[in-house]
Amino acid sequence: MLRRHLFVTGIILIVSSTTALGESDWPPAPPLASQAFARDVFPLPPSVAASAVGDEIWSCSFQFSPETDVESIAVVGTFNGWEADQNPMIGPDERGAWTAHIRVDAGVHEYKFVVDQETWLDDPANQDRVPDGFGDFNSVIRLGQLARMKQSDATTGDGKIDPVGLAHRPPRALYIQPVGGDQVSIRYRTFARDVKDVWLAIRGQDQIPMRVVSEGPLFTFYEATVGIPAGTNSRSPKVRSFEYTFVLDDGGERVGDPHTYRYSFTESSLFDAPNWAKDAIWYQIMLDRFRNGDTSNDPDPVRPWTSEWFTPSDWEGQDGQTFYRNFVFDRTYGGDLAGLEEKLPYLKELGVNAIYLTPIFQGPSYHKYDVANYLHIDERFGVKNDYEKVAAQEDLLDPSTWQWTDSDKRFLAFLDKAHSMGFKVIIDAVFNHVGVDHPAFKDVQKNSRRSRYADWFHVTSWQPFAYKGWAGFAHMPEFKKRRYGYASPDLKQHLFDVTRRWMDPNGDGDPSDGIDGWRLDVPDEIPHPFWAEWRRLVKGINRDALITGEVWNRAEDWLDGRHFDAVMNYEFAKAAVSWIFDRKTAIGATELESRFAELRLAYPTESTHIVQNLIDSHDTDRLVSMAANPDRIYDRQNRVQDNNPEYDNNKPDPESYARARLAALLQMTYVGTPMIYYGDEVGMWGADDPSSRKPMLWKDLEPYDEPEENHVMDEQLAFYKQAIALRNNHRALRSGNIRTLLTDNDANTWAFMRANDDEQLIVVLNASNEPQSLNVPTPQGAPSNWQIVFGGEGSVTATDQAVALEVAPISGVVLQAATN
């Protein structure tokens, strides 16, 4: 999809109609003639052919000739969300070439070829390429006039409207989406400053004025939210549909969009995300590293909790291994469910109310991404030595044989306790691969093609036995997939049964005793059709269950009401880090807001309010260490042991901690749900895995080894409690609309309003190293009196429709409209 440069998003309004429009008045204005501009094309490589087939739509043919025999090739890129299941190539032909035909938008597109589902290659026939952020390159094609444009040269009121910039593309959420039981939000795009007014015209209804919802250097987006007409489809009474178009005016004769559009609405069209998720403040936990509450289930050996990270234990390195190669990755610390339950009051006092647990199913490693059995909680998290005897009596393909271990029961008891204290709990679903200890894989190793599970795994050779491991890791064999999902129907059914087991443990139809949702590990490596079917299963068990995915790039293809409710919002993290942490390569406040606004428009409103706005996780370097190591591509050059020996892995300086606090304040005040990685609130630091996975710092366990570095930082913890309380105390921060008031690149400040029907708040963030004196404009009709509720004390009065205030360096202030 063409990346659009957007600026300000506004508050969705229910607008009133103005001009009556009868059936005889259709079309409502003379259609604007399309132009032949789209025939423009930049020079293309010999591997790509393209021709325009409509306004801004191109038919592209991609060819790729691998050097060796392969089983499959797919073309992925910005036009299909980088999803390998979307556009498989056909081949080889007699010349050894593979081909795919794809329709894409006009604009600039990056792409790659995926060979045998694992090797990503740029196009060797294309010299136009850009860095991909992973040390390699993406190939680039440029289609149509829009590919040449960075900003609009249009002038409002000159009577000229350029059809090149006009766009409405249902069913994309950017252009149309249900927003409630009987309303729909509709958007229309023009070139920036090209049109004075736009109306939405519904056949048989009234024309409705649209308001500017976003304006950037290239495009303006208009929006109207309307009630869905009551008319029904005679062939399907449950379907309501209507036809509509758009009327435009730039000071001359009104003209119409050259197309008439149809929208059909059913109850299934609704994107109904869990309401509780809008109020969530997430806390991510790796259980082995959080708290040891029961030493009787400890692995052998177990590291002392308070030991210095880089100092080996007596048993480490005796076999010639070194810290990074590889004994640090085999460490266990004894964290368990008893420890987590013990610290639920700590989490309650902190103010979080939703817990995401990385994998907790039986597995040999501390992190459990090498699952040995989805049916059982790891015995080292619950009750030691309770797994083997039970597992030996179970048939993976027959749920009637499945039992509950004591560790399973311990987890269910924890769930009951957490729920009683107001927490929601989601767990990690690692459905792409398992570990070599999984009974199905062991059976395949033993019985080869005769195994009942022979079609579960991506076996590349039966003699000698070889298989595909996730990311090349042999200890994590991948499941075999087809375009529609898993190759094995039995595997799909097994995962469905596993889903039911943990969502409704006692099977009584009441899911309150089960988990509250799932975080999906590498879901983009499993074809879309499986997730669509799996979503129907999940929502059938518990409509309020949350489905969130680990998606590292733009996610609109997943957030369509048919797949996920939310994603871990790494796009938020990338922009936030670049503004707050980077120095030489930092983006300005205007670019930050532009990136955020682009996401707000691209995603459904329901998702926008519940995406998990994280900065760091178990897969990145720590928050404060990011601040201490600026000017890198997000999550790149952050591993001391391989890609960046110069990474500063020492405890960060005070400025880095200040910037970490500002990032946390942004999380607590922006649209979406904040996610905290365990220990950020007490000042934990570290490079990417393994040093981002140290054991949690606890006050009652002090002194730690190296106590001057390893201790709970009271200032950091107090700030987090205050910032979290701010969000918990103001519903407008959790579910209100957002409106940008000011971006000042020179002062490196950003001010925005969060508002609902009950309150209005102004958030002002200063990422500069200097105090800033600002005049923040307030919207027309906004109150004059404001109370400082965070970052200071006292009140402020607006004069001349602006609030004057001082903001300290690397900090923020939040104001609340005073009530009379």
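I began with the sheet: 8 strands form an open sheet in the order β30-β29-β28-β23-β20-β19-β32-β31, with parallel pairing. At its edges I found β30 (566–567) and β31 (612–613), each with a single partner strand, so one side of each lacks a neighbour in the sheet. I took strands (E, at least two residues) and helices (H or I, at least four) as DSSP runs, numbered from the N terminus; two strands pair if DSSP finds at least two bridges between them.

The model is predicted, so I noted that local features need pLDDT of at least 70 and side-chain atom pairs pLDDT 80 or more, while totals for chains, interfaces and linings use all residues. Residues are numbered from 1 along each chain as its sequence is written, and side-chain values use heavy atoms, without hydrogens and water.

Within the sheet, I looked up β28 (residues 517–520) and β29 (residues 546–549), which pair in the parallel sense over 4 bridges. Trp518 has Ile547 in β29 as its bridge partner.

I then turned to two helices. The axes (lines fitted to C-alpha atoms over the stretch in contact, with angles from 0 to 180 degrees between N-to-C directions) of α12 (residues 654–669) and α13 (residues 714–729) come within 9 Å and cross at roughly 15 degrees. α12 is therefore roughly parallel to α13, a term for angles under 35 degrees.

Lastly I checked confidence, given as pLDDT (the predictor's confidence in each residue, from 0 to 100). The protein chain has a mean pLDDT of 92, and 94% of its residues reach 70 or more. Over residues 1–21 the pLDDT is below 50. Where pLDDT is low, the predicted coordinates should not be read in detail.

Methods
Angles under 35 degrees count as roughly parallel, over 145 as roughly antiparallel, 65 to 115 as roughly perpendicular and the rest as oblique. Contact means heavy atoms within 4.5 Å.
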